Amino acid sequence: MYVEIGALVNKDFGPKVLETISELDGVKGISVETGRSGDLFDEKQFGEFGEASIITIFAETSKKDHIFDEVYSVCNLHSERQGLVFMSPEVVKTSLK
């Protein structure tokens with residue numbers, strides 16, 4: 001079984017997560033996209049909006065807590081207003097290999 005771990009974080013953390021997390025045992029897929037957010041970040045590069053990385057990770061259920069903790073750590077989410085990370089309930093394996 002798998003879970004989806006997602007994060008909406010400051011744009012600077014997207015490449016760091018991709019580099020650090022993609023090789024972890026239990027990661028079956030990772031995607032990093034960019035966007036803008038008006039309420040997650042203190043730093044606003046575009047008036048009312050700040051740039052964000054939108055991260056999606058598919059992880060094996062048995063490794064989910066370790067991977068979640070690594071994302072939290074890499075993104076410095078212990079600091080104020082850096083973003084958020086979340087995890088879905090288990091999803092049924094479909095085409096992940």
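E1 and E3 pair in the antiparallel sense over nine bridges. Asn10 stands opposite Ala52 in E3. This is a predicted model. The pair belongs to an open sheet of four strands, in the order E2-E3-E1-E4. The pairing in this sheet is antiparallel. E2 and E4 are the edge strands, and each pairs on one side only. From one strand to the next, the twist averages 10°.

Now the helix. H2 packs on the sheet and touches E1, E2, E3 and E4. Its direction makes about 175° with that of E4.

Which residues of H2 are buried? H2 covers residues 64-74, and the buried ones are Ile67, Phe68, Val71 and Val74. Seen down the axis of H2, these buried residues fall within an arc of 135°, so they line one face of the helix. The spacing follows a general rule. An α-helix has 3.6 residues a turn, so residues three or four places apart point the same way.

What do the buried residues of H2 pack against? The list includes the strands E1 (2-10), E2 (27-37), E3 (50-60) and E4 (83-87). Helix H1 (13-21) is also on it.

Take H1 next. H1 lies across E1, E2 and E3. It runs at about 175° to E2. H1 and H2 pack at an angle of about 140°. Their axes are 10 Å apart. The crossing of H1 past H2 is right-handed.

Which residues make this contact? From H1 come Phe13, Lys16, Val17, Thr20 and Ile21. They meet Ile67, Glu70, Val71 and Val74 in H2. By type, the residues of this contact divide into six nonpolar, one polar and two charged. Ile67, Val71 and Val74 are among the buried residues of H2, and they also take part in the contact with H1.

Just after H2 comes Asn76. Asn76 takes a positive phi of about 50°.

Glu51 lies in strand E3. Is Glu51 buried or partly exposed? Glu51 is partly exposed, with a relative accessible area of 24%; the cut-off for buried is under 20%. Glu51 and Lys11 are 40 residues apart along the chain. Their C-alpha atoms are separated by 5.5 Å.

Technical notes: Residues numbered from 1 in each chain as written. Predicted model: local features only at pLDDT ≥ 70, side-chain atom pairs only at ≥ 80, totals over all residues. Heavy atoms only, no water. Buried < 20%, exposed > 50% of the residue type's maximum accessible area, 1.4 Å probe, protein only. Helix = DSSP H or I, 4+ residues; strand = E, 2+ residues; numbered from the N terminus. Arc of directions from axis to C-beta. Contact = heavy atoms within 4.5 Å. Axes fitted to C-alpha atoms, helices over the stretch in contact; angles between N-to-C directions. Left-handed = near helix turned anticlockwise from the far one by under 90°. Nonpolar A, V, L, I, M, F, W, Y, C, P; charged D, E, K, R; others polar. Pairing = 2+ DSSP bridges.
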